[in-house]
Amino acid sequence: MKLEEQWCMMTFDPEIFFNVLLPPIIFHAGYSLKKKHFFQNLGSILTYAFLGTAISCIAIGLIMYGFVKAMVYAGQLKNGDFHFTDCLFFGSLMSATDPVTVLAIFHELHVDPDLYTLLFGESVLNDAVAIVLTYSISIYSPKENPNTFDAAAFFQSVGNFLGIFAGSFAMGSAYAVVTALLTKFTKLCEFPMLETGLFFLLSWSAFLSAEAASLTGIVAVLFCGVTQAHYTYNNLSLDSKMRTKQLFEFMNFLAENVIFCYMGLALFTFQNHNFNALFILGAFLAIFVARALNIYPLSFLLNLGRKQKIPWNFQHMMMFSGLRGAIAFALAIRNTESQPKQMMFTTTLLIVFFTVWVFGGGTTTMLTWLQIRVGVDLDEELKKEPSSHEEANGLDKSTTKVESAWLFRMWYGFDHKYLKPILTHSGPPLTTTLPEWCSPISKLLTSPQAYGEHLKEDDLECIVNQDELAMSDQEQASSPCSPPARASLDPNTSLQKSSKENIYEGDLGLGGYGLKLEQTPGQEQRN
């Protein structure tokens, strides 16, 4: 009896992982997303995240089903205890990659930013896809034999997946839009503590509302973080910008450490462990095969349409970086009532620890062996990238190196002309971009600061630093409650400094558009 009481004191409800610990981790991932390189590689990231996760899920499910049949033949399982849907469920939760250790080393060593973005972008969206996929598989229920294919149940699960993902995306984005409008049209910036508190509560409400609506809160809070960073961040006061950075970085750090500490505790104290050597061996084999089927064939297909190819050493590093972590553990611990689920949980724990220790610890050696660039000279990278004027004037040319140029440029044009002016204080006035018959609405929604930036060529970007939380000149220029920023005496130096921060310190703007501080007429008179 005492043993059971001690165990209960060392455990807590698995739902706490999803409702308390995971939201800060996912929100921080979206809030600190390097959007410049993310959107430049958007096509590849979406391919790896959606199609790659589906391939990984199916491959792991099929391989594990073969091992389950071998276990039944060996007498280790009863026929009917482990269905094919259980194998797919295990495949979906094991498809959630979490290369947090690898990415931390990448950031410290300043690895090639394109490799960093491909891996980080895939892992962020992959987590969201894996969570929704796991839920969709769990509600897949054929009317007759669970081991047979039921077309009606399959299409119902696919519809649930698409509906839940789209609904969660809309829910998270809606809360971020509401926050952006509140911070734009009110004087909250004069009360930084209240502004930070409202920002936090509305972001958390996106998660809670999605869960209450039977959607996926993790997906909602991810896209809420991305939208908050791109729009709301521009409207915050300097104090609130600093506080939100520190708050969510600290919550992310704390939540990740709590989860990994609890994983270590669960490995030795969980009472219903089910160690099966054949199942564990099959799981290790399955995740490596599935990762290879994900990375190499998709990279080959993507390179057919990319101007800047994904080189072999990048592909090998992405294959090596398929670590499992907090998401896989949280999905596995949600249900440990049946024997198959207990076996999945035990195997997941072992895989998480093995991949983090072995692959995470071997990252530096692998980078050296694959001859991947580290300590990238950002100034040299800037010289290779086209200037903002060339980017704006050469939209019809095929000189850009990004494979999703048309999608990227369409989005940037729409965002710069309409969304940014509506939701922030930056961008051209709506009176110059909307038709004349929309003049009353244009005047109502356009911020007074926007008229001072009339015909401004470069969109304003905002920076969210991951490690170094110093405020940049760019933030000072974009804060509505701060004094106007003064342009640097050396424009080239200012541009290089800003762009250098954009690459490795969390670029929250869209594309390779350098910061161009312009003086308003009022500033010229004062100077």
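Asp 86, Phe 89, Phe 90, Leu 93 and Met 94 of helix 5 meet Lys 341, Met 344, Thr 347, Thr 348 and Ile 351 of helix 15, contact being heavy atoms within 4.5 Å. Axes here are lines fitted to C-alpha atoms, for helices over the stretch in contact, with angles running from 0 to 180 degrees between N-to-C directions. Helix 5 and helix 15 make a right-handed crossing, that is, with the near helix turned clockwise from the far one by less than a right angle, anticlockwise being left-handed.

All this comes from a predicted model, in which local features need pLDDT of at least 70 and side-chain atom pairs count only at pLDDT 80 or more, while totals for chains, interfaces and linings use all residues. Residues are numbered from 1 along each chain as its sequence is written, and side-chain values use heavy atoms, with hydrogens and water left out.

As for the overall picture, the protein has 25 helices and zero strands, taken as DSSP runs numbered from the N terminus (helices H or I, at least four residues; strands E, at least two). Of its 527 residues, 54% count as buried, meaning under 20% relative accessible area, with exposed over 50% and partly exposed in between (1.4 Å probe, protein chains only). Among contacts between residues at least 6 apart in sequence, 82% join residues at least 24 apart.

The axes of helix 2 (residues 15-31) and helix 14 (residues 326-333) come within 11 Å and cross at roughly 165 degrees, which makes the two roughly antiparallel. Their crossing is left-handed. On the helix 2 side, Phe 17, Phe 18, Leu 22 and Ile 26 do the touching, and their partners in helix 14 are Ala 326, Ile 327, Phe 329, Ala 330, Leu 331 and Ile 333.

Helix 10 is covered along its length, with 19 of its 19 residues buried. At 1.5 Å a residue, helix 10 (residues 217-235) should span 27 Å, and the 25 Å between its end C-alpha atoms agrees; the expected span is 1.5 Å times one less than the number of residues. Helix 10 also has a kink of about 45 degrees centred on Ala 229, the bend being the angle between axes fitted to the seven residues ending there and the seven starting there.

The loop between helix 9 (192-212) and helix 10 holds Ser 214, a non-glycine residue with a positive phi, near 60 degrees. Ser 214 counts as exposed because its relative accessibility is 53%. Gln 371, in the loop between helix 16 (363-370) and helix 17 (378-384), likewise has a positive phi near 60 degrees. Gln 371 is exposed too, at 68% relative accessible area.

Ile 63, in helix 4 (residues 42-73), is 224 residues along the chain from Ile 287, yet their C-alpha atoms are separated by 9.4 Å. Neighbours within four places in sequence aside, Ile 63 is in contact with Gly 282, Ala 286 and Val 289. Ile 139 sits in the loop between helix 7 (113-138) and helix 8 (151-185) and is partly exposed, with a relative accessible area of 32%. Ile 139 lies 17 residues from Gln 156 in sequence and 9.3 Å away in space, C-alpha to C-alpha.

Methods
Angles under 35 degrees count as roughly parallel, over 145 as roughly antiparallel, 65 to 115 as roughly perpendicular and the rest as oblique.
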